[in-house]
Structures are given as C-alpha cells and as structure tokens.
Amino acid sequence: MESSGFADVLGFLNADDYTIAREVLQRGIAAVFVVAFVAAMAQFPALLGERGLLPAPTLIARTTGRRLPSIFRLRAFRYSDRMLRAAAALGAAVAASVILGLPQLGPPWVPMLAFAVIWVLYLSIVNIGQVFYGFGWESLLLEAGAVAAFLGSRETAPPLLIIVFFWWLVVRIELGAGLIKMRGDSSWRDLTAMTYHHETQPMPGPLSRRAHLLPRAVHRAETLGNHLVQLGMPLLLFAPQPIAGCAATLIIVTQLWLVVSGNFAWLNWMTIIVAFSGVSDSFLLWITGRGSSGASLSVWSWFGVPLGAQNHTDAVAGAASMSSIWWIALTTAVFLTFAWLSIPAVANLFSRGQLMNASFNRLGIGNAYGAFGSVTQVRREVVIEGTLAEHPGDDDWREYDFKVKPGAVARLPRQFAPYHLRLDWQMWFLALGGWNATWFERLIEKLLAADPATLRLLRVDPFRGVAPRAVRARVFSYRFTTRDEKRTTGDIWMRRELAVLVQPTRRVPE
C-alpha cells in the first residue's frame, strides 16, 4: 500500500500529457535565445562596446557585481568586444543544440546544464546593456529560460509543477498587460486604443498601414477582443482540458495578429511559446479529431514524440516510471522557490500603482510584465540628416535611413521581429521626449566621424562612408497616408516638421 501510494504521488507530479508542450517550450525558448545572441554579436560592440555609444567598460568600472552580476566583471572574462562576441557565439551554439534536441537525449541534468550556460551568458550581457537592453522581453526571456532549465529530458515525464509555473508566467504576462491597460489610458476603456495603435506603435511592419486603415468598428472589436483575452483567458490555463487548451489557443491567435501587424522584437513570440504550456497532447489529438482513432500525428515526428493513442499511453507510462526521486524533489524545490520569489508580483497585480516590466529580485524570477499601459495618439519621429556642403541650403541635406524606423515617406516598413533592432527602438523613445539622452549626443558625434561600426547599424549611409561636414536632427509628425493619398503620391507616410532638435553641428577638431 505504501509503495502504491508513493507511486500515485509520483504520477501526480508528472505532467504526462504535456510532452509536446515541453518540446515547444525548450526548443522555442532556445530559438529566441539564438536570435538574442546573434543580435548581441551584431549590435552590442557598436552600441555598448569599447568605443560604443555607452561603453560597457565604463559601467562595469562604476557599478558592483552585487547589483549587476556579469561574467564580464571577472578577470578571466574581462570585457572586450572580442570577449563579448565569443560569449554570444557560445550562447548561440548551446541554444542551437537545444533546438536540435541534443541535450534532451541525455539525463535531465543535461538540458538543465545547457540552459544554465545560456542563462548566465545572456544575463551577463543584459546586465551591462543599459538602456539598450532595458526592455521587458529581456527579463521575460531570462525568466522563461531559467524555468525551462527544469523541464527535464526524454528520460523523464515533464514535471507538472514546472508546467504550472509556465501557466503562472502567462498570467503575469497577459493579465498584467490587461490590468495595466484598464488602469492606464482611457482609450483602452472607451475601446478606441487600436484606432491609434497600428500607426503609433514603436516599429510598424509591412502590414501595419493596412491594419490602421481598417474600419473603426474593427478597431473597437480589436480592443474589446484584447481585453477579453488578456483579462479572461490566462487563469483558464489552470482549468481542465479542453478548456485550458482553448484558452491557450486564443492567446496564441491574438499574439499572431500582433506578430503580423507590428515589430515587437520577440515579445509576441515569447508569449506564444510560453502560452503553448497550456496545450496538452490530448488537446492536440482532440482538435484534430484523432483522439480515439489511434492514428499518430506525423507533424510531430520531428520532435520524436509518438502521439498515437496506444503509443502515447505507452510512452507516458515509460517516462513516468523513469522520473527519479531526486529529479522530482529538485523540481518541487525549484517550484516552491520560484513561487516564493513571485509573491511581490502577486501584490503588484492587485496594486493601484501597478508596475510594468519590473523585477523584484536579482535572479529576475517572478517579474511583473505588461505593455502599452498608454497609447500614443500622434506619431513623432526624429530624422537625422547630414550634408557635405560648406554652406548648405535646404536641398543639400541627406537623410540617414534606419533599418525599420520610419524615415523616407515612400518606404514600406520592413518586418524584422523577432530580431531586435536596438538603435531603432531607442530612436522611438527619443521621439517621445528623451531629448537629452547621452547616447544620442554620441550618435551625432559618431555620424560626424563616419564611424563604420555605427553606420552598419543603419540601412543607408547617404555619404557612403565619407564624413559629412555637418549633421542636424529634426522632429516630424508622421501619419499613414489614406488610400486616396497613396494612389496620388505613392507614399506610405505623410509627415510635417514640428521642430529642430539639433541645430547643424560640425565635428570638433581633435
């Protein structure tokens, strides 16, 4: 009787019906880490390197590892651009091995070790990334990676408590975003927010203009649908199947709409990945109508997980029997620790002064998330121009074109997400009013010097590597053209100058 009771406990702590969810979580999170590390290799040295806009060595020298832990503080890994690239390359390689499923073939401690390496390396980058890494999706990726470390390998069943913590992560992402919207901008409460969102969002995509031109009734339905999903679906992940699977599906569908209509780095993709934690194997069989036929779903064969009714039952039984006591004890202790670290996040959800994208501990576990507590109704853009003329007239100025940030009025916005263009994003924040940013002053200096690393962050250098005589910056209001305006002009945007932010500035002789 004691042995049977102990087996029942072990069975309860095994999420036998979430083998596919585990594969999606591990491989999906690892895929985003690859994107993040590749972006660091390409952008970090120019933005934050030894000669960057905000040099990381300067930050390291004036801060402590207790507040911002990073391997780049250690003598053996002392920061250099070469060391940064090496660390990012190593992180990308380890993450790629998880995508291929290699660590998952071994004991459960092997994927745990892989995610530990990934987590330490990326945390070390984020903690010295300053404003260029001050985004909610950085902490989301790190927290999800820390939790995914304890999903185990194919030698064990997915740990139920770790899957449950992923549900709790979705609650903080979605419910947190929904509550901060309702507490914030009145446009969310009167259902007009999406009337402005597609036009004024940080990085529009190629379909954003089409989305913006949809009828107002559709925008009201978008806003209402957002509230219904963000406020109503997350807690349903804790309900029995198929209710939980349906709730997860609705969250995923709404996030896919945001993917195609904007460029929010990997925020939407991470939400999709962690929301898949609510999709069980049996729910997948149920929605395909194959739950009783015994036919396998070959679409999942790449994961190496059989989903035929009998095969799936046998595989589950085998996995459950191999969940060792030490592994169950470890994942239970991890869950309890993570739950304890989440207590401030619970209080934050019920607070009138709800924080958005806040961390409450050095590990970055149990964070507060949320996005767009307010919606900008007028789009402003900072346009940087240079000239080769000694005494320039209006026609002598040439515009620096960014990779995705709106600039030239005829250019269709490009799709870059989940890749994160950090300079483009900071230019959006600059236009909201951060005019005195140190990094922007240094950006002007770098453009005056035709710094090659900085110019590689842009889409077009109008002077092809030649240093301009002067640089200036102007502020414009932007709006999407109507259908009639598009037919007449061929332009995507209409813009109007509002002010001169930086008067024509010449390079200071060295």
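Arg474 stands opposite Val500 in S4, in a predicted model whose strands S3 (residues 470–480) and S4 pair in the antiparallel sense over 10 bridges. These strands belong to an open sheet of 4 strands, ordered S2-S1-S3-S4 with antiparallel pairing.

- In general, the strands of a sheet are paired through backbone hydrogen bonds, in either a parallel or an antiparallel manner.

**Ile384 in strand S1**

- Ile384 lies in strand S1, which covers residues 379–387, and with a relative accessible area of 1% this residue is buried.
- Beyond the residues up to four places away in sequence, Ile384 touches Arg398, Glu399, Tyr400 and Phe402, and its contacts also include Met427, Phe440, Leu443, Ile444 and Leu447.
- Val471, Arg472 and Ala473 are likewise among the residues that Ile384 touches, and strand S3 spans residues 470–480.
- Between Ile384 and Tyr400 there are 16 residues of separation in sequence, while the C-alpha to C-alpha distance is 5.8 Å.

**The largest pocket**

- The largest pocket holds about 920 Å³ of space, and of the 45 residues that line it, Phe264, Leu267, Gly370, Ala371 and Phe372 are the closest to its centre.
- Two or more lining residues come from each of helix H6 (136–148), helix H7 (160–183), helix H9 (193–200), helix H11 (216–232), helix H12 (243–261), helix H13 (267–275) and H18.
- The most is given by H11, which supplies 6 residues to the lining of the largest pocket.
- Sorted by class, the lining of the largest pocket comprises 24 nonpolar, 18 polar and 3 charged residues.

**The second largest pocket**

- About 370 Å³ of space lies in the second largest pocket, whose lining consists of 22 residues, with Val126, Asn127, Ser139, Ser359 and Gly364 nearest its centre.
- H5 and H6 are the elements that give two or more residues to the lining of the second largest pocket, and H6 gives the most, with 5 residues.
- The classes in the lining of the second largest pocket are 9 nonpolar, 9 polar and 4 charged residues.

**Tyr419, a loop residue**

- Tyr419 is placed in the loop between strand S2 (398–399) and helix H18 (422–431), and it counts as partly exposed because its relative accessibility is 22%.
- Apart from residues up to four places away in sequence, Tyr419 touches Val35, Val38, Ala39, Ala42, Gln43 and Ala265.
- With Gln43 there is also a polar contact, made between the side chain of Tyr419 and the side chain of Gln43 at 3.1 Å.
- Tyr419 and Pro159 are 260 residues apart in sequence, and the distance between them in space is 31 Å from C-alpha to C-alpha.

**Gln104, a loop residue**

- Gln104 is located in the loop between helix H4 (81–99) and helix H5 (109–126), where its relative accessibility of 1% means that this residue counts as buried.
- Once neighbours within four places in sequence are set aside, Gln104 is in contact with Gln26, Arg27, Ser97, Val98, Pro111, Ser153 and Arg154.

Note on methods. Residues are numbered from 1 along each chain as its sequence is written. This is a predicted model: local features need pLDDT of at least 70, side-chain atom pairs count only at pLDDT 80 or more; totals for chains, interfaces and linings use all residues. Side-chain values use heavy atoms; hydrogens and water are left out. Buried means under 20% relative accessible area, exposed over 50%, partly exposed in between (1.4 Å probe, protein chains only). Contact means heavy atoms within 4.5 Å. A polar contact is a pair of N or O atoms within 3.5 Å; within protein, one must be able to donate a hydrogen and the other to accept it, and residues adjacent in sequence count only if both atoms are side-chain atoms. On a 1 Å grid over the protein atoms alone, a cavity is a set of points where a 1.4 Å probe fits but cannot get out, and a pocket is an open set with protein on both sides within 12 Å along at least five of seven lines; lining residues have an atom within 4 Å of a point. Grid points are joined across faces, edges and corners, and a volume is the space filled by probe spheres set on the points. Ala, Val, Leu, Ile, Met, Phe, Trp, Tyr, Cys and Pro count as nonpolar, Asp, Glu, Lys and Arg as charged, and the others, Gly among them, as polar. Two strands pair if DSSP finds at least two bridges between them.
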